[in-house]
Amino acid sequence: MQSKKNSLVKEAHASREQAFALIFEKSFSEDSVDDIIEGAAQARDIVVTDMARDYAVAVFEDLERIDGTIEKFLVARSKARLSKVVLAVLRLSVYEILNGKVDAPVSINEAVELTKTYASDEEAGFVNGVLGSLVRSQGEN
């Protein structure tokens with residue numbers, strides 16, 4: 001049973017990382033998420049999971065609300081000054097938290113790990129702070 005749970009956790013992590021990559025790549029492109037996926041499949045022989053595709057599409061369908069939420073919790077930075085990596089990670093995690101896709105601590109942990117992998121420990125601390133503020137504010141409502 002534990003082995004199956006670990007397998008599901010790893011699959012979810014891989015899908016979340018794919019979703020992050022799609023959101024990140026979309027920040028450089030006017031192409032649709034589906035076109036980006038098709039290009040990735042052709043150029044890099046990547047098979048994108050349904051979860052990754054669904055998350056990436058949903059983020060861009062609700063981008064105004066997600067970015068508005070991010071901006072609300074930025075301290076001493078504007079959204080325009082965030083790196084594209086940090087912005088993509090925040091968009092993904094804020095989407096998950098606002099829509100109850102996973103428990104907030106799981107989403108925050110995943111966001112911090114993605115940031116450490118693709119940016120820096122310093123940026124990971126920033127991401128943790130922004131997302132922690134969002135979660136704390138939800139508890140106040």
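In the classification applied here, Ala, Val, Leu, Ile, Met, Phe, Trp, Tyr, Cys and Pro count as nonpolar, Asp, Glu, Lys and Arg as charged, and the others, Gly among them, as polar. The structure under analysis is a predicted model. On this scheme, the lining of the largest pocket comprises 7 nonpolar, 1 polar and 2 charged residues. The volume of the largest pocket is about 160 Å³. Its lining is formed by Gln18, Ala21, Leu22, Phe24, Glu25, Ile36, Ala40, Arg44, Ile46 and Val48. Two elements, helix 1 (2-26) and helix 2 (33-44), each give two or more residues to this lining. Helix 1 provides the largest share, with 5 residues.

Helix 1 also takes part in a salt bridge. The side chains of arginine 16 and glutamate 110 meet with an N to O distance of 3.7 Å. Because arginine 16 belongs to helix 1 and glutamate 110 to helix 6 (residues 104-118), the pair ties together parts that are 94 residues apart in sequence. In total, the count comes to 9 salt bridges.

Packing between helices was examined next. Two packed helices are described by the angle between their axes and the distance between the axes. For helix 5 (residues 84-98) and helix 4 (residues 63-72), the axes come within 9 Å and cross at roughly 105 degrees. Helix 4 is therefore roughly perpendicular to helix 5. On the helix 4 side, the contact involves Leu63, Arg65, Ile66, Asp67, Thr69 and Ile70, which meet Leu87, Leu90, Arg91, Val94, Tyr95 and Leu98 of helix 5. The residues of this contact divide into 8 nonpolar, 1 polar and 3 charged.

Helix 3 (residues 50-61) likewise packs on helix 5, at an angle of about 90 degrees and with the axes 10 Å apart. This angle makes helix 3 roughly perpendicular to helix 5. Helix 3 contributes Tyr55, Ala58, Val59 and Phe60 to the contact, and helix 5 contributes Arg91, Leu92, Tyr95 and Glu96. The contact of helix 3 with helix 5 has 6 nonpolar and 2 charged residues, with no polar residues.

The arrangement of helix 5 and helix 6 is described by axes that come within 9 Å and cross at roughly 170 degrees. Since angles over 145 degrees count as roughly antiparallel, helix 5 is roughly antiparallel to helix 6. In helix 5, the residues concerned are Val85, Val86, Val89, Leu92, Ser93, Glu96 and Ile97, and these meet Ala104, Ser107, Ile108, Ala111, Leu114, Thr115 and Tyr118 in helix 6. By class, this contact has 10 nonpolar, 3 polar and 1 charged residues.

Notes: Residues are numbered from 1 along each chain as its sequence is written. This is a predicted model: local features need pLDDT of at least 70, side-chain atom pairs count only at pLDDT 80 or more; totals for chains, interfaces and linings use all residues. Side-chain values use heavy atoms; hydrogens and water are left out. On a 1 Å grid over the protein atoms alone, a cavity is a set of points where a 1.4 Å probe fits but cannot get out, and a pocket is an open set with protein on both sides within 12 Å along at least five of seven lines; lining residues have an atom within 4 Å of a point. Grid points are joined across faces, edges and corners, and a volume is the space filled by probe spheres set on the points. Helices (H or I, at least four residues) and strands (E, at least two) are DSSP runs, numbered from the N terminus. Axes are lines fitted to C-alpha atoms, for helices over the stretch in contact, and angles run from 0 to 180 degrees between N-to-C directions. Angles under 35 degrees count as roughly parallel, over 145 as roughly antiparallel, 65 to 115 as roughly perpendicular and the rest as oblique. Contact means heavy atoms within 4.5 Å. A salt bridge is a side-chain nitrogen of Lys or Arg within 4 Å of a carboxyl oxygen of Asp or Glu.
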